[in-house]
Amino acid sequence: MTPEEKFQAIVEAEDKIEPTDWMPEGYRKTLIRQIAQHAHSEIIGMQPEGNWITRAPTLHRKAILMAKVQDEAGHGLYLYSAAETLGVDRDEMQELLHQGKHKYSSIFNYPTLTWADIGTIGWLVDGAAITNQVMLTRCSYGPYARGMVRICKEESFHQRQGYESLIRLCQGSEEQKAMAQDALNRWWWPSLMMFGPPDSDSTHTERSMQWKIKRVSNDDLRQQFVDMTVPQAGYLGITIPDPELKWNEERGHYDFGEVDWDEFWQVVKGNGPMNRERVENKTRAWEEGAWVREAANAYAAKQSKKDAA
Amino acid sequence: MTYDVPVGPGESADLQEHIDTGREAWPMWEVFVRARRGISHVHIGSLHAADSETALQNARDVYTRRGEGVSIWVVPSEEVHAFEPDDAADYVDANEKVYRHATAYEIPDEVGHM
């Protein structure tokens, strides 16, 4: 058996590929790209929510939001660790993100304008993330799949706290309910874009499926998400901004309208409302923290010299 | 979050290009957590830190935010040694030496549980 055949046999047998195993170069590159992108998304994703920590309406909601943002940092770290098992340095990944050579999910290039956006992100953005990540717990690469298991447990808290916060808003005053509706109007379509371009345009899907990195296609995941979310919007009593949305008895799924893929590509190309600010903030935080990283290294060197003496 | 973000302009699709950041990065540590008394420490992941003290603090914050552990070990990653993957062929094949397993022996029912 050639190394390539042996690799594919492990994948076919639903066994996991581990860091020291032989793997095709394309598999390694695809995973580095995908895991780095995923990690960067968690880290950049701290910004839209961090925006509301000081303005959370109650101490309780503030504590929840801080815990959630801290989780996102943790998720980023699990994922950077998984990427590092493939032979890329954490420092390099930071640099590539700052230079714009690594991407992150475009959803984080939209602004959080009101408090209702925070609940809506938990409900829709984390909901979409869960749909994707549950699939990734079965990914063929061991370290990535294991990271996903931890992340999924924590995402469940993220989604539930968001939805519960929206229940409160929707049961509140007319203004509060209108705020929730406005947030849904703005976040619905970008959430559907999170699953990536339609299968007909997705360049990665087929090979990723063969390698069992990806187990379900973009369009199928999107459908799954819509089917799950529509009744939840119904309970809240707010309306999904899609006139074409309706139950299709024959398919057993909801039909829904076409995503504005021009907008999607504009945001991917860097022209979303927040692209520049997100990367600037991230880069500044990294640069301003440089002295801390250097001081910690200097202190560690001094201590180990002392221990050796 | 997730990620089928298509390759955009300015993004190198081939992300294997290594770049020298010119910085001295923090070393990597492997983290082991004992979930509760009575069971062993189990490998849970890795992280970067300047020294063992900060590695422990980071491990606590990254891996035990919800009571996942009662004790943490951190070990420098470079101190972990393993066989080369190809040497795995030298591990005992469970099917080859069946006589090493309890299930290889038939005990009559009359004898009862053994």
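**A helix pair and its neighbour**

Modeller: Happy to! H2(A) passes H4(A) in a left-handed crossing (the near helix is turned anticlockwise from the far one by less than a right angle). This is a predicted model, with local features needing pLDDT of at least 70 and side-chain atom pairs pLDDT 80 or more, while totals for chains, interfaces and linings use all residues. Residues count from 1 along each chain's written sequence, chains are lettered from A and ligands numbered from 1 as written, and side-chain values use heavy atoms, without hydrogens or water.

H2 of chain A covers residues 25-44 and H4 of chain A residues 59-84; their axes lie 8 Å apart at an angle of about 160°. That makes the two helices, H2(A) and H4(A), roughly antiparallel (over 145 degrees). On the H2(A) side, the contact (heavy atoms within 4.5 Å) involves A:Ile35, A:His38, A:Ala39, A:His40, A:Glu42 and A:Ile43. H4(A) contributes A:Glu72, A:Ala73, A:His75, A:Gly76, A:Leu79, A:Tyr80, A:Ala82 and A:Ala83. Sorted by class, this contact of H2(A) with H4(A) has eight nonpolar, four polar and two charged residues.

Both helices also meet H5 of chain A: the buried residues of H5(A) pack against H2, H4 and H12 (275-288) of chain A, together with strand S2 (41-48) of chain B. H5(A), residues 90-98, is mostly covered, with nine of its nine residues buried (under 20% relative accessible area, 1.4 Å probe, protein chains only). Among them are A:Arg90, A:Asp91 and A:Glu92, as well as A:Met93 and A:Leu96. After H5(A) comes A:Gly100, with a positive phi near 80°.

Conventions. Axes fitted to C-alpha atoms, helices over the stretch in contact; angles between N-to-C directions. Helix = DSSP H or I, 4+ residues; strand = E, 2+ residues; numbered from the N terminus. Parallel < 35°, antiparallel > 145°, perpendicular 65-115°, else oblique. Nonpolar A, V, L, I, M, F, W, Y, C, P; charged D, E, K, R; others polar. Buried < 20%, exposed > 50% of the residue type's maximum accessible area, 1.4 Å probe, protein only.
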